[in-house]
Amino acid sequence: MNKVLKLFTKDSITLPVIAIILGLLLGAIVMMVGGYNPIEAYSALIERVYGNSYDFGEAIREMTPLIMTGLAFAFAARAGLFNIGGEGQFMIGMTAASIVGIHLHGLPAFIHAPLAIIAGAVFGGLWAALAGFLKATRGVNEVISCIMLNWIGLYLSNLIINTFALQSGDTRSVDIQPSASIAISWLSEMMGNARVHWGTLIALLAAVFFYIFMWKTKQGFELRSVGFNQDASKYAGMNVNRNIVKAMFISGAFAGLGGAFTVLGVFGYQSVMASSPGTGFDGIAVALIGMNNPFGVVLGAILFGTLTYGSAGMSFSADVPPEIVRIVIGAIIFFIAAQGIVRWLLKPFYAKRKKEKVS
Amino acid sequence: MDVLTIIGQLLNTTLVFATALIFTSLGGIFSEKSGVTNLGLEGLMVFGAFAAGVFGHYAQAAGLDGFAAASIGLCAAIVLGIIVSLIHAVASITFKADQVISGIVINFLAAGSTLYMVKLLFDGAGETELISGYSRMPIPGLSKIPLLGDALFNAYPTTYLAIILVFVSYFVLYKTPFGLRLRSVGEHPSAADTVGIKVNRMRYVGVMISGALAAVGGATITLTTTGTFAHNTISGQGYIAIAAMIFGKWNPIGAFGAAVFFGLAQAVRNYVQLFAWTQSIPPEIIYMLPYLLTIIVLVAAVGRSSAPSALGQPYDPSKR
Amino acid sequence: MNTATPVVELKQITKRFPGIVANDSISFKLFKGEIHALLGENGAGKSTLMNVVFGLYQPEEGVIEVNGKPVMIDGPNKAIELGIGMVHQHFKLVQPFTVTENIILGSEPNKGARINYKKATEDIRKLSEQYGLRVDPNAKIHDISVGMQQRVEILKTLYRGADILIFDEPTAVLTPQEISELMEIMQRLIKEGKSIILITHKLKEIMQIADTVTIIRRGKVIDTLKKTETSPQELAEKMVGRNVSFKVDKIPANPGEVVMEMKEVVSKNKDGMSVLNHLSLQVKAGEILGIAGVDGNGQSELIEALTGLRHVDGGEITLHGKPITNLTPRKITESGVAHIPEDRHKHGLVLDFSVSENMVLETYYKQPYNKNGFLQHDEIDKKAQRLVEGFDVRTPSIHTMARSLSGGNQQKAIIAREIDKNPDLLVAAQPTRGLDVGAIEFVQKQLIAQRDQGKAVLLISFELDEILNVSDRIVVIYEGQIVGEVLPEQTNDQELGLMMAGSTVKRGATHE
């Protein structure tokens, strides 16, 4: 446990905290400029999320896929890769889970549901591994190929749902088999029918897996080594290309799981999407807030989920446009990305502290 | 409709879609040639489309005619685009933030803040009020040529402007001292530094030009296609513009060709239903086409030698 | 004492970086028409000082005077304006640009809004005739030779009207012929009224061309001498700060059987050119084989091919008679090859890993460091602790990031790790590059100790002195081929230099 705590070294904990405070402050200023009362708005936000069990359950529902896409980005980042394709991997994961959930009949739930989840993970992983493969074999920059794969993933998902699983006369798929559902009905009933599901537990386990795999295993050692220095890794006898593909696969599997949870645990079907859901992109912000640390990602997802889910309450009771939270989140990741700005803003404080130490 | 008319119209629609992509991909080139990756093009387009919608509306409400109001919207887009691009510039150039993340921040901010302001300004509505925008400007004489007249010479003024800018950009980048310096900063910043070129200043300029051009690209969509700004006015064009820039090997003429090609892929959607043999193709396949082709081109291009060598790396003078 | 006004005078320049004083109150005078050498070890502060003169760094204290007037040089622009030009060690040339574009960059002649390329080409042609600097104005940088690239660098300064030229380690990448051409060019520049500061750590060059020499050690000026009044021995002692023996202590070698053999090895680059061209050599147990050659003649490729980092297109490499050609780097390591890489930051270490993690960079997957896929951190730390103590790696802790170690300690860490593998063949590529004299001695002693234990050692170095002092046998590489073999005690700089330039004179004893 001590070592887990050590992971949050001083800088990696103070920086996001300061960035979050600055982001919230900036949001407050924007609200004031718009003529709203920020204190009222923020308390409405908190009230909405933590006020009753239904909304709390729904907020957890909101956070769960963010944990997964956040882990996806963070995992690849630890291996030196920029997986901004979480979006596409999420959709492909949805689609794979939908198809397995819809088209396999007569399986018991303890086989069908895990199978559908695994399908989501595997296909999400393969979708990401494709970008890894192109980078490893042809030197194609993964940022660019991921952007392209996001769009292809969107249209491919729609094509598959339209062709193989369309509810006639509607723009969504037919329902998945009940045996593929991962909803926790008893808990759901207790929480006023909030859509809670087993995916949340899997997401937390995924964070633990991430930590153990990355810092405790031989394979994690290789991934981190490749992430820091490909040339030295090659020199040390590691297979760099295989590690790139492997890292992308695991990363994409996280995102794909997030997609699978959304189908199997929340909606029970898949819509034909007009545009991509954005969960993958939000995962980038989550990972940045969490400093690419798996437990940081969970905290980041809690913050992000609270803000986005609570924003509805904010607009309801304080009449503030919910888009304000996107500005807040944008500002937070801006301050985290441009750490120099935070240090620069805090310089006077640091200087003061040093002086105090001397005297 | 005869085939010639259809082709003429198809090409015309192609250019309408391509216009925004041309502006934006040119913008991308100026930023990336200076060594700064700009994934924020999408967000900059959003800001441009927003500014055009808002200022176009107020100008029109003040009694200006369609063209004048639209032009005010366009100018507002340029100003806002430059201001927003400075966020990217400050973070990634001055404070050496990761350029990819900094670009993503722009996209995040764009989605939230524009809609927030629209709701503030238009009493909680999700979009700006409809404006007339630019009308088509047939070129006398030339627009009467069969096929070509329809295709090329009956376009919006923004389309002509875009095509002119392609050549201006080429000239600026490859024939002027400014262009040589901008490219040197993106290829070998410390070489530029040692001959007295202010590396970071050049990069600021590159990013600001990209902000202005991408915003104009976004504005053209409001001013010629939708007439209003809403959350879905810009949906991925910025990313296609990035694809066009890469496809065109960071060269204005190449990016122009790629933008026209992607415009065609978008335009074709509307014409697919016209022929029996094309109806059997699922539309998703056609939607995917530009992205698939970009990947294929990237895979085929061995070694990405056309990308500026210092792209994505902040300049640190102590490491020279 | 010269009473004329110096063209450049530095008065008590002090430049500090976090943790170190790079230049400590340095004073220095350059007179018109002289070549003034600045001599010092790696890290002595020569380059920092010249970057101050060129406006890339601002000194904390001190005054710079140009032609007797105090000046503030706040950037390269100001330096250029004052007539100071710098020929950088790592050429500052934009690869995809043409020679002309590189020369005019930042000072382009205009015709309206356009660059006037015609005028530019004409001006460059005139300059290159005046100073005897042959270049092709329309060639792209990536298509021309290193020698021509350096001429472009010189032309860049002349085009800007420089009268004071700073040459930063200009011979490091040149062949002996190119070096003598450069010497001629420098003399011609002096004749045309220019003044030159030559930064170097090579005594030979100074004795050959300089008029005056200022020796810097640890950021301080030790002495300024006329070349005619000094000797290489004196210069060396002043540079290092104590008596230096040019000879390394070692007992005669006792070579045994052949450990590694390369037979007719061919390797091509991506343009299809043979960078290793039917190269053959043998290394025996208990000997150090030195490979001499000018940078870029296939040394790096030889090592890459041997260690599995480069594909071999023909021929065979054997270790104890067993083929290791085109095996993976891991297989080759496991069969008994250890490798101290040329670039310790690029290949040798993962700088963001701890010292401890770096110590198992090649063995993390083996027992006892790995059990069932899980790393055994206790075992890893135990090993790291043992190596850090055994090889005197100065680090605050084994959990310190490798990045924060000094260059010498980083190199010690690598050597500790490689020697600990108990290899049959130790490949050492430029093992002393960038190190100070103390670290250099440590490294060389380790190599000799390995030899004395009966290991085969393959040493590659661009420093002829190192090759001559450490090796038991020397082969010369030129354009991807071994062009000759000599024994260190029977050869000298001149002969080796000729062979390195491609002359195939074979003298001295070969074993066969």
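In this predicted model, strand E3 of chain C, residues 35-39, is mostly covered, with 5 of its 5 residues buried.

E3(C) has pairing partners among the strands of chain C. Strand E10 (residues 195-200) of chain C pairs with E3(C) in the parallel sense over 5 bridges. Strand E11 (residues 212-217) of chain C also pairs with E3(C) in the parallel sense, over 4 bridges. E11(C) is in turn joined to E12(C) by 6 bridges, and these two strands run antiparallel. The table lists these pairings, each with one pair of bridge partners.

| Strands of chain C | Sense | Bridges | Bridge partners |
|---|---|---|---|
| E3(C) and E10(C) | parallel | 5 bridges | Ile35(C) and Ile196(C) |
| E3(C) and E11(C) | parallel | 4 bridges | Ala37(C) and Val213(C) |
| E11(C) and E12(C) | antiparallel | 6 bridges | Thr212(C) and Lys226(C) |

These pairings belong to an open sheet of 6 strands in chain C, arranged in the order E6-E9-E10-E3-E11-E12, and the pairing in it is mixed. Strand E6 (84-87) and strand E12 (220-226) of chain C each have a single partner strand and stand at the edges, so one side of each is left without a neighbour in the sheet. On average, and with direction ignored, neighbouring strands of the sheet are turned by 20 degrees against each other.

Helices pack on this sheet. Helix H5 (residues 146-159) of chain C touches E6 and strand E9 (164-168) of chain C, and the direction of the helix makes about 170 degrees with that of E6(C). Helix H8 (residues 232-240) of chain C packs on the sheet as well, touching E3, E11 and E12 of chain C, with a direction that makes about 30 degrees with that of E11(C).

The view now widens to chain C as a whole. Its secondary structure comprises 17 helices and 24 strands. The radius of gyration of chain C is 25 Å, close to the 24 Å that the globule rule gives for 512 residues, so the chain is as compact as a globular protein of that length. Taken along the principal axes, the C-alpha atoms of chain C fill a box of roughly 70 × 50 × 50 Å. Of the 512 residues, 47% count as buried. Among contacts in chain C with a separation of 6 or more, 67% are between residues 24 or more positions apart.

The remaining chains are A and B. In the contact between them, 38 residues of chain B meet 34 residues of chain A. On the side of chain B that touches chain A, helix H4 (99-121), helix H10 (237-247) and helix H13 (283-300) of chain B each give two or more residues. H4(B) gives the most, with 14 residues. By type, the residues on this side of chain B are 25 nonpolar, 8 polar and 5 charged.

For chain A, an unreviewed UniProt entry annotates several stretches as "transmembrane region", including residues 146-165 and 196-215. Over residues 146-165 of chain A, the chain is 95% helix and 0% strand, with its end C-alpha atoms 26 Å apart. Over residues 196-215 of chain A, the chain is 85% helix and 0% strand, and the end C-alpha atoms lie 31 Å apart.

Technical notes: Residues numbered from 1 in each chain as written. Chains lettered and ligands numbered in written order. Predicted model: local features only at pLDDT ≥ 70, side-chain atom pairs only at ≥ 80, totals over all residues. Rg over C-alpha atoms; globule rule 2.2 N^0.38 Å. Buried ≥ 20, exposed ≤ 12 C-beta atoms within 10 Å, placed from the backbone. Contact = placed C-beta atoms within 7 Å. Nonpolar A, V, L, I, M, F, W, Y, C, P; charged D, E, K, R; others polar. UniProt positions renumbered as here; feature names shortened; annotations may be inferred. Pairing = 2+ DSSP bridges. Axes fitted to C-alpha atoms, helices over the stretch in contact; angles between N-to-C directions.
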